[in-house]
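Subject: Structure for you to look at

Hello,

Here is the structure I promised to hand over. Please open it and read the notes below alongside it.

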Amino acid sequence: QRRVHGKDTMKKKQQRVTDKQPLPLTQRKIENLLNSVVDGEDFYYTAELNPNVGFKEGESVYLTEKLDGTTVQATNRGVYKRFDNFASGAQKRERPVSERYRLELLNLDDPQNKHIAKAVENYTEAFTQLDNGVCVYFEAIGTHINKRFQHFDEFFDIRVFDFARDGHYVPFADTIALAEIHGLPYVHYSDTALQLPSIINILSAHPSYNDLDAPLEGYVVRSAEDDSDKIAKIRVDDLVNMRDLAV
């Protein structure tokens, strides 16, 4: 009954959403932690920190697991998904991030959204309890959402990785606190000093997720300082295109 009540409450709020109401902040695009080189048609990563993201060896960071699923976000008015406005390629890369994507309110009763609906069904009531102006960002994961979890028997869930308030991302420590307040599962993390060689060695061993028997996609690195919004990602697959593995 609790789950149905939450879904019904969210549906009523979705019906009140109008074009005049501002959409929540679209999930941000995250740059790679590794430096990259483009040499003609040759592209590869190097075992160096990407200078564009601003991280330094040894600084205090949160190392969070990167979930391989469908990125979704929610407010107390409904569940949203980001869609590409352009096919991949030069046309997309040349556009500012604000023009590359659009945000759409999802109808969870639509059959094409049935897997996302299963992933969020235990949390729709929690979404309705979010304060106005608060948006939660999460990966919807499950048996029929991504190949990484196909070996599970009808498994569906979410993992929160970000919150925003009034159009601004909150520090990751606040994301953890908000997720716990609302009873939302969040990505596994460690509070550590940034050591790129260590991260490369860990990912080279093809580890699994902390709480899921599935191969880890990678990590998202976030500054542990409250006044910093530095963030970057690194994936196991990036190491295939990396040179100078010995760091």
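**Strands and sheets**

Thr 70 stands opposite Ala 140 in β7. Thr 70 belongs to strand β4 (residues 70-75), and five bridges join β4 to strand β7 (residues 134-142). The two run antiparallel. Strands here are DSSP runs (E, at least two residues), and helices are runs of H or I with at least four residues; both are numbered from the N terminus. Two strands count as paired if DSSP finds at least two bridges between them.

Before going further, note that this is a predicted model: local features need pLDDT of at least 70, side-chain atom pairs count only at pLDDT 80 or more, and totals for chains, interfaces and linings use all residues. Residues are numbered from 1 along each chain as its sequence is written, and side-chain values use heavy atoms, with hydrogens and water left out.

Where do β4 and β7 sit? They belong to an open sheet of six strands, in the order β6-β5-β4-β7-β8-β9, with antiparallel pairing. Its edge strands are β6 (101-105) and β9 (168-169), each of which pairs on one side only.

Now look at strand β3 (residues 60-66). Six of its seven residues are buried, so β3 is largely enclosed by the rest of the structure. Buried means under 20% relative accessible area, exposed means over 50%, and partly exposed lies in between (1.4 Å probe, protein chains only). β3 has an antiparallel partner in strand β10 (residues 189-193), with five bridges. In that pairing, Thr 64 has Tyr 189 as its bridge partner. β3 also pairs with strand β11 (residues 218-223), again in the antiparallel sense, over six bridges.

**Salt bridges**

How many salt bridges does a search of the whole structure find? The count is 12. A salt bridge is a side-chain nitrogen of Lys or Arg within 4 Å of a carboxyl oxygen of Asp or Glu.

One of them joins Lys 230 and Glu 59, at 3.0 Å from N to O. Lys 230 lies in the loop between β11 and β12, and Glu 59 in the loop between β2 (42-49) and β3, so the pair ties together parts that are 171 residues apart in sequence. Lys 230 is partly exposed at 24% relative accessible area. Glu 59 is buried at 14%.

Asp 131 and Arg 165 form another, at 3.8 Å from N to O. This pair also links distant parts of the chain, 34 residues apart: Asp 131 is in the loop between α5 (124-128) and β7, and Arg 165 is in strand β8 (residues 156-165). Asp 131 is partly exposed at 45%. Arg 165 is partly exposed too, at 35%.

Finally, Arg 28, Asp 162 and Arg 222 are linked in a network of salt bridges.

**A charged patch**

Asp 174, Glu 225, Asp 226 and Asp 227 form a negative surface patch. For such a patch, residues need over 30% relative accessible area and no salt bridge, and like charges are joined within 9 Å. Asp 227 is in the loop between β11 and β12 (231-235). At 72% relative accessibility, Asp 227 counts as exposed.

Best wishes

Definitions and conventions:
Patches are made of residues with over 30% relative accessible area and no salt bridge: like charges are joined within 9 Å, nonpolar side chains (Val, Leu, Ile, Met, Phe, Trp, Tyr) within 5 Å. Accessible areas come from the Shrake-Rupley method with a 1.4 Å probe; for residues, only the protein chains shown count as cover. Lys and Arg count as positive and Asp and Glu as negative; His and the chain ends are not counted. The place of a charge is taken as NZ of Lys, CZ of Arg, CG of Asp or CD of Glu.
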